[in-house]
Amino acid sequence: MSVPSGAFIQVCHVVDNLETACARYNELFGMGPFIGGGQGVLSEHVYRGAPAEPIRIRGVFVQSGDLNIELVELVSTGPSAFHDMYPNGQQGIHHMAMFCEDYEGTRDRYVAAGMPVASEFVVSFGAQICYIDARATMGHMIELYPESEIIRGMYARARHESENWDGKQLIIPW
């Protein structure tokens, strides 16, 4: 069975300290500003088919040309797709993200193709999102979004801020 096609719009890196990582990305690549920084809760979490504790993270978005980069610092320690990749606090690429016109259908096609849902949850504004475990074929997770004006707005804001950044404030809260 073939998997759905879609355009990846983001790559996410798990980092051990959000502020340090933002400074490092700015120093190495000139990226900025980073949008976000507060703690988020991914609620109604289902981990590998079973109810699980919410995932607590701190995260930012930054734009690098046409690619959005998300940096995530894990706050919670319970089972999650994040801990599947980095169980001992390591850092690295966690997932690539894409929008889906048919979220459930796309998710189910990945599952039928042998890539299970590692974590599925609801974000603060009500959108259901999941991480598909594509480590065996791609070496990382795939994040699936439903079409959402709010999420698209977050991406638009990161792009706008990067195009108009004066270099003064490295992390700008949502």
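**Cysteines, a glutamine and a glutamate**

Let's start with Cys12. Its sulfur lies 12 Å from the closest cysteine sulfur, the one in Cys22, and that is too far for a bond. Keep in mind that this is a predicted model.

Cys130 is in no disulfide either. Its nearest cysteine sulfur belongs to Cys100, 7.4 Å away. By this rule, the count of disulfides is zero.

Are these cysteines buried or exposed? Cys12 is buried, with a relative accessible area of 0%. Cys130 is buried too, at 0% relative accessibility.

Next, Gln63. Find it in strand S4, which covers residues 55-64. Gln63 is buried, because its relative accessible area is 8% and the cut-off for buried is under 20%. What does its side chain meet? A polar atom of the Gln63 side chain lies 3.4 Å from the backbone oxygen of Leu67. The side chains of Gln63 and Asn68 make a polar contact of 3.3 Å. Set aside neighbours within four places in sequence, and Gln63 is in contact with Asn68, Tyr155, Ala158, Arg159 and Ser162.

Last, Glu44. This one sits in strand S2, residues 34-47. Glu44 is exposed, because its relative accessible area is 61% and exposed means over 50%. Which residues does Glu44 contact, leaving aside neighbours within four places in sequence? They are Glu120, Phe121 and Val122. Now look across to Gly167. Glu44 and Gly167 are 123 residues apart along the chain, and their C-alpha atoms are separated by 38 Å.

Terms used:
Residues are numbered from 1 along each chain as its sequence is written. This is a predicted model: local features need pLDDT of at least 70, side-chain atom pairs count only at pLDDT 80 or more; totals for chains, interfaces and linings use all residues. Side-chain values use heavy atoms; hydrogens and water are left out. Helices (H or I, at least four residues) and strands (E, at least two) are DSSP runs, numbered from the N terminus. Buried means under 20% relative accessible area, exposed over 50%, partly exposed in between (1.4 Å probe, protein chains only). A polar contact is a pair of N or O atoms within 3.5 Å; within protein, one must be able to donate a hydrogen and the other to accept it, and residues adjacent in sequence count only if both atoms are side-chain atoms. Contact means heavy atoms within 4.5 Å. A disulfide is a pair of cysteine sulfur atoms within 2.5 Å.
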